[in-house]
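Please look over the sequence and the structure shown here before reading on.

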Amino acid sequence: MTTTRRCLNCITPPYILKKLLESGEEEIRQAALNTLISTAQLRGERAVRASFAGSAAAPANGRRTIFDCRNSRFLPQATLVRSESDPPVADASANRAFDAIGATRDFYKKVFDRNSIDNRGMRLQGYVHFATNYNNAFWDGQQLVFGDGDGRVFTDFTGSCEVIAHEFAHGVTEHTAGLDYHNQSGALNESLSDVFGVMVKQWTLHQRAAEADWLIGADVFTPNIKADALRSMKAPGTAYDNKLLGKDPQPDHMSHYVKLPDTEQGDMGGVHVNSGIPNRAFYLTAMGIGGYAWDAPGHIWYESLKASSPQTQFQEFADTTYLKAGQLYGAGSAEQQAVLAAWNEVGIRVSGVPGGAEALRVPVLAGRGDGLVHDGTPIPALIRQIEALAAQVNALAEGLSVLTPKP
Amino acid sequence: MKVTLATHGGQAAAINLRLPPRVVDAEALPQEAARELARLVEAAKTTQAVKEDGPGQARDALSYTITVEDVDRSTVLTQSDTTMSPAFAALLTWLERRLAME
């Protein structure tokens with residue numbers, strides 16, 4: 001029963017349902033109203049779940065522990081410096097790692113109702129001061145590890161919240177899709193870490209998609225280095241261009257996909273290079289939908305991550321995001337159209353969409369970057385529609401109370 | 001003896017891809033430093049990394065290729081942040097310190 005109702009919600013776009021509310025036939029009006037109500041209920045349930053999840057972020061779940069490697073390369077030699085209930089310590093790197101890991105944990109809990117990396121409250125362990133002059137941060141399969149940088153080109157990697165969230169996301173990917181770290185699936189793995197990393201950054205800053213810089217590692221370079229960041233999701237290939245580092249090689253379109261050897265020397269087929277393509281698809285989706293990236297775009301990508309497998313390639317992931325957008329927000333919805341347009345712009349045509357890119361020309365996408373327009377409808381008109389809908393719901397409730405037998 | 005160090009992968013993998021390997025020439029080192037380098041190289045050659053093909057479960061970890069060129073032979077050692085032996089780590093640390101001084 002429930003399955004059938006959800007399926008109807010997915011297939012009928014909200015704007016058609018609104019039109020049907022004006023039908024002369026009572027039965028059609030009632031069916032449209034029921035569908036709109038259940039859609040609103042589903043969205044409401046998600047919001048309520050998320051708010052409960054936030055308050056339920058008990059310290060027992062995803063407890064943080066920060067260790068100091070004291071410049072060793074071997075984690076068992078590190079010493080404990082800060083635990084979940086401890087106050088800030090003298091070591092600024094340890095505090096930054098502690099705070100950013102906590103913010104990332106809270107983000108997953110409040111936005112996606114996910115309990116830590118494994119969704120089972122996994123303990124979160126961060127290691128700072130790894131090796132000497134270490135220009136990197138990584139996920140070792142169980143823990144997050146951060147270097148201090150050499151102080152000449154790179155600075156402390158705990159200084160970039162999105163870098164910490166990027167490593168955290170590698171753990172989440174391992175516990176969901178487990179995307180193989182080679183070629184396209186590897187680039188998708190990297191991209192998803194950038195996507196969730198940038199969402200954590202925007203969430204902590206409470207930034208709308210249009211207000212954000214969409215940079216990954218904006219704070220990892222010393223002031224002497226002329227570079228914006230390690231990567232730009234908005235404009236892959238433009239994060240840096242100087243004599244020391246060279247030019248950012250990330251492509252922003254499938255026609256510029258970089259073929260590299262599937263070896264450590266070739267970055268496992270360019271996983272940190274070709275991630276620029278799906279990165280830009282997410283950026284375009286977020287801009288097309290408007291508002292906050294962690295709302296509809298984030299939910300579409302998160303559900304797609306969970307639906308992916310180790311071998312998922314760009315095409316399959318694009319198809320999945322389109323499918324998930326339809327399931328979450330309705331077939332033909334502004335959200336689904338934004339996903340379609342985004343992938344199309346990076347050179348990936350979603351499979352099985354009648355007309356392909358032609359389909360984009362019919363329902364014009366109104367980017368809601370300014371928040372004034374949704375799906376081509378001005379917000380005040382939308383509010384009036386919601387008020388009218390609320391009045392009809394009240395009328396229905398009254399009707400129901402009359403019909404309900406009194407004890 | 002020439003010892004070459006190349007670094008791969010990591011958060012800055014796209015930058016590391018284009019950086020040339022760095023070289024330490026034992027001939028140009030003070031005698032004591034050259035002897036220390038030879039000792040570290042021999043130790044690294046005889047110890048194995050924790051066996052793992054490719055990146056394993058690690059993501060964004062760095063891997064290192066150290067190439068040792070003697071008069072008559074060349075040896076290539078490749079290990080990563082999560083698999084390296086203590087002997088390899090000692091050689092890597094020594095090389096990085098030396099190269100930072102240049």
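In this predicted model, the side chains of B:Arg59 and A:Glu174 meet in a salt bridge, with 3.1 Å from N to O. The count between chain A and chain B is three salt bridges, and 17 residue pairs are in polar contact between these chains, both residues of each pair being at pLDDT 80 or more.

**The side of chain A that touches chain B**
- Strand S4 (137–139), helix H5 (161–174), helix H6 (183–205) and helix H7 (267–270) of chain A each supply at least two residues of this side, and the largest share, five residues, comes from H5(A).
- By residue type, the side of chain A that touches chain B divides into 20 nonpolar, eleven polar and nine charged residues.

**Extent of the interface**
- In contact with each other are 40 residues of chain A and 33 residues of chain B.
- The area buried between chain A and chain B is about 2800 Å², and carbon and sulfur atoms give 56% of this area.
- A:Arg73, A:Glu264 and A:Gln265 supply 23% of the area that chain A buries against chain B, which is more than any other three residues supply.

**Strand S1 of chain B and its partners**
- Strand S1 of chain B, residues 2–9, is mostly covered, with seven of its eight residues buried.
- S1(B) runs antiparallel to strand S2 (residues 22–25) of chain B, to which four bridges join it, and B:Leu5 stands opposite B:Arg22 in S2(B).
- S1(B) also pairs in the antiparallel sense with strand S3 (residues 62–69) of chain B over eight bridges, where B:Thr4 stands opposite B:Thr67 in S3(B).

Key: Residues are numbered from 1 along each chain as its sequence is written. Chains are lettered from A and ligands numbered from 1 in the order in which they are written. This is a predicted model: local features need pLDDT of at least 70, side-chain atom pairs count only at pLDDT 80 or more; totals for chains, interfaces and linings use all residues. Side-chain values use heavy atoms; hydrogens and water are left out. Contact means heavy atoms within 4.5 Å. Buried area is the accessible area (1.4 Å probe) that two parts lose on being put together, summed over both. A salt bridge is a side-chain nitrogen of Lys or Arg within 4 Å of a carboxyl oxygen of Asp or Glu. A polar contact is a pair of N or O atoms within 3.5 Å; within protein, one must be able to donate a hydrogen and the other to accept it, and residues adjacent in sequence count only if both atoms are side-chain atoms. Ala, Val, Leu, Ile, Met, Phe, Trp, Tyr, Cys and Pro count as nonpolar, Asp, Glu, Lys and Arg as charged, and the others, Gly among them, as polar. Buried means under 20% relative accessible area, exposed over 50%, partly exposed in between (1.4 Å probe, protein chains only). Two strands pair if DSSP finds at least two bridges between them.
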